[in-house]
Amino acid sequence: MDNSDYVVIKALEDGVSITGLTSGRDTKFHHTEMLSAGEVFIAQFTDVTSAMKIKGNAVIYTKHGEVTTR
C-alpha cells in the first residue's frame, strides 16, 4: 500500500512492546515486537493493521507529530 501511514517508534528503555491489532468486526492481536533501549521500529498501518498498542517508555513519530510515552 503506497498511501499507508507509517509510524516510527524509538525505545527509550529496554522492554518496550509494540502490538499490532487487526481491523474488522472483531479486533484481535496479530503481531508483537519487543524493543531494547535505543532500538527503532518502523511500522505501517495497512488493511490488516488498524491500531497499535505501545507499552513502555518510547517516542512515537508520526506525520501528525511526536508523542512520548512514560
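Aspartate 5 is partly exposed, with a relative accessibility of 33%. This residue belongs to a predicted model, in which the side chain of aspartate 5 forms a salt bridge with that of lysine 63. The largest nonpolar core of the structure comprises nine residues.

**Salt bridge**
- The structure contains one salt bridge.
- In the pairing of aspartate 5 with lysine 63, the N to O distance is 3.2 Å.
- The two partners lie 58 residues apart and connect distant parts of the chain: aspartate 5 precedes strand 1 (6-11), whereas lysine 63 sits in the loop between strand 6 (58-62) and strand 7 (65-68).
- Lysine 63 has a relative accessible area of 64% and is therefore classed as exposed, the cut-off being over 50%.

**Nonpolar core**
- The members of the largest core are Val7, Ile9, Ala11, Val16, Ile18, Leu35, Ala43, Ala58 and Ile60.
- At least two residues of this core come from each of strand 1, strand 2 (16-22) and strand 6.
- Strand 1 provides the largest share, with three residues.
- Beyond its neighbours within four places in sequence, isoleucine 9 contacts several residues, including Ile18, Leu35, Ala58 and Ile60. Glu39, Val40, Phe41, Ile54 and Val59 are also among the contacts of isoleucine 9.

**Isoleucine 42**
- Isoleucine 42 is located in strand 4 (residues 40-44).
- Isoleucine 42 counts as exposed because its relative accessibility of 57% falls in the range over 50%.
- A separation of 17 Å lies between the C-alpha atoms of isoleucine 42 and aspartate 14, which are 28 residues apart along the chain.

Technical notes. Residues are numbered from 1 along each chain as its sequence is written. This is a predicted model: local features need pLDDT of at least 70, side-chain atom pairs count only at pLDDT 80 or more; totals for chains, interfaces and linings use all residues. Side-chain values use heavy atoms; hydrogens and water are left out. A salt bridge is a side-chain nitrogen of Lys or Arg within 4 Å of a carboxyl oxygen of Asp or Glu. Helices (H or I, at least four residues) and strands (E, at least two) are DSSP runs, numbered from the N terminus. Buried means under 20% relative accessible area, exposed over 50%, partly exposed in between (1.4 Å probe, protein chains only). A nonpolar core is a set of buried Ala, Val, Leu, Ile, Met, Phe, Trp, Tyr and Cys residues joined through side-chain atoms within 4.5 Å. Contact means heavy atoms within 4.5 Å.
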